[in-house]
Amino acid sequence: MSSTKKKIPLYQLAHARTGDKGNRSNISLIAYRPEDYAVLLKEVTAEKVREHFAYRNPTSVQRYELPQLYAFNFVMDEILDGGVNLSLNLDAHGKSLSYWLLAMKIDPSL
Amino acid sequence: MSNLYRVACAAGFSGDRLGVARPIVDEFIRLGEPACLIFESLAERTLALAQLDRRQNAAAGYEPLLQEMLEPIIADCVSNHISIVGNFGAANPEGAAQLIADIAKSKGLPPLKIAVVKGDEIPPSVFMPYLSKADQIMLSKSALVSANVYLGAREIAEALEAGAQIVVTGRVADPALTVGPLMTHFKKSWDDWNFLAQATMAGHLLECGAQVTGGYFADPGVKDVSGLANVGFPIIEFDSAGNCCVTKAPDTGGVVNRMTVTEQLLYELHDPAAYLTPDVVADISKAQLQELGENRVMLKQVFGHQRHETLKANICIDGGWLAEGEISYAGHHAFERAQLAGKIILERLSPALDLRVDYIGSSSVFASDSGDGPSFKAQGGFEDIRMRVAAAHQDKALAHQLCREVTALYTCGPAGGGGVRTSLRPRLNTLVAYVPRDFIKPSFQFFSGE
């Protein structure tokens, strides 16, 4: 864990937006600068995102890569406690979750 | 330039900001070129809520703000040949058409050609075989509220082709509101998959209104957007080759750039290579965005594949009651006092009710219903925490107990609690089925009320 100090929060390199359908959430992740796409590609893997959201028990996390848009789309199943109809969360859509993804710590070096 | 057709969106959901159509209509009039104004006001559950309204009042069940949406612009749209397409018909498209006819009359307009798209409502015999076993059981225990398939763009296009000035729909796929007028104007074939996909993604960018023009985007100091109090709603310029340029009306707030368009392009999308709609399977896996100038972004390289043979249906059923209660604690030890309040509620109501407890200001929306998730502690030992509890139950009286217990915290809870608010509301649950197209018979009719 010697590299911990070098880690930065994802929000320094990227922005994001959440959408929902039922109990499925999708979060886009978009690099501010095209040159940072490679860092995101290496650091923000489906596995790491799954770990980051582990407390919400996703049954699957899929990452779609869109290099020409410097963007990714993360699709996470069953993380919304049933979604807008069933969840007791104030934010039943999970719209705020983009900012939880952006709180993830990453290593910015290539 | 006459090759261009413009579509603009003046509502991205039921309850969106009013008055936003005016700058768009003014711009359309100034340009004097063919154009259409769309209103998307039907989110997943809005239609079921409208159905409940209609049960209370047979004349209701369409968009409650329809009059406020259309009254300021309908005369200018009609006299300048700007078509209007909206899913504001919700659970009562004929009722909406009647209101529009009344508005037109009160404005002294000649009788309008108002088309009503039908066929989205489906009976249980149509969807039942396509529900999962678990959902069939759930449905057997709950009251059915509404069942509708997502229709495509074809009936909208045919109505416009037949001379409709205004098209009123119930449930259609959101992008269909845009695909319909584009198909009518450019006279493309219904198996021109690439064009259908390009039109669909144009509709996708429009359908949430200001979400593509700087709304739902700003983060002060990081992603600044000026003029959000007067944010311009989006306009797309489309040509027969399927090129799509996103912009907004002049002299409005907000911004259209690569970042705002990328966020909206991927919004509520799953596999970028297969965005499923009733009209086409759109593929944006190779899509590119190009900034053409200030507030102008071009979307290119969108492809389409043959549409699926099934249509998605949303079946809304009664979901019991949602009870919520909140109380605030501030200053020294606020978090500890709020936690004690939460503990008291749990002791009073568990396990009869399955409770969620939030400490707003420390942890709330990130957390799961079971309470797992990150939490934050204010610096300096000075806090402002709002304790919130929520529970759902089929039994209204039991759910209501939550409201009573939170209110009782005034005298029976920790020190310094204030600002109790409680609410008890009916809930809806949604089931999804994929129904073969052959069972669905959509059509349109011109409204001939009075």
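1. Basis. Residues are numbered from 1 along each chain as its sequence is written, and chains are lettered from A and ligands numbered from 1 in the order in which they are written. Because the model is predicted, local features need pLDDT of at least 70 and side-chain atom pairs count only at pLDDT 80 or more, while totals for chains, interfaces and linings use all residues.

2. The ten-strand sheet. Chain B has an open sheet of 10 strands with mixed pairing, in the order β11-β12-β8-β7-β1-β2-β3-β6-β4-β18. Helices (H or I, at least four residues) and strands (E, at least two) are DSSP runs, numbered from the N terminus; two strands pair if DSSP finds at least two bridges between them. At the edges are β11 and β18 (443-446) of chain B, each pairing on one side only. Direction ignored, neighbouring strands of this sheet are turned by 20° against each other on average.

3. β11(B) pairs with strand β12 (residues 296-300) of chain B over 5 bridges, in the antiparallel sense. Opposite B:Arg296 in β12(B) stands B:Gly293. α11(B) packs on the sheet and touches β8, β11 and β12 of chain B, its direction making about 145° with that of β11(B). Such angles run from 0 to 180 degrees between N-to-C directions, with axes being lines fitted to C-alpha atoms, for helices over the stretch in contact. Contact between two residues requires that their C-beta atoms, placed from the backbone, lie within 7 Å.

4. A further helix. Helix α5 (residues 93-106) of chain B lies across β4 (114-118) and β6 (166-168) of chain B and runs at about 170° to β4(B).

5. B:Gly254 is found in the loop between β8 (244-248) and α11 of chain B. Is B:Gly254 buried or exposed? B:Gly254 counts as buried because it has 24 C-beta neighbours inside 10 Å; the cut-offs are 20 or more other C-beta atoms within 10 Å for buried, 12 or fewer for exposed, and partly exposed in between, with C-beta atoms placed from the backbone. Apart from neighbours within four places in sequence, its contacts include B:Ala210, B:Val225, B:Leu228 and B:Lys248.

6. The three-strand sheet. Three strands of chain B form an open antiparallel sheet in the order β9-β10-β13. Strand β10 (residues 281-283) of chain B is joined to β13(B) by 3 bridges, and B:Ala282 stands opposite B:Gly304 in β13(B). α10(B) packs on this sheet, touching β10 and β13 of chain B, and its direction makes about 115° with that of β13(B).

7. A helix pair. The axes of α9 (residues 176-186) and α10 (residues 193-206) of chain B come within 7 Å and cross at roughly 135°. That makes α9(B) oblique to α10(B); angles under 35 degrees count as roughly parallel, over 145 as roughly antiparallel, 65 to 115 as roughly perpendicular and the rest as oblique. Among the residues that meet are B:Leu182 and B:Met183 in α9(B) and B:Leu196 and B:Leu206 in α10(B).

8. The contact between chains. Chain B contributes 37 residues and chain A 29 residues. On the side of chain B that touches chain A, β17(B) gives the most, with 5 residues.
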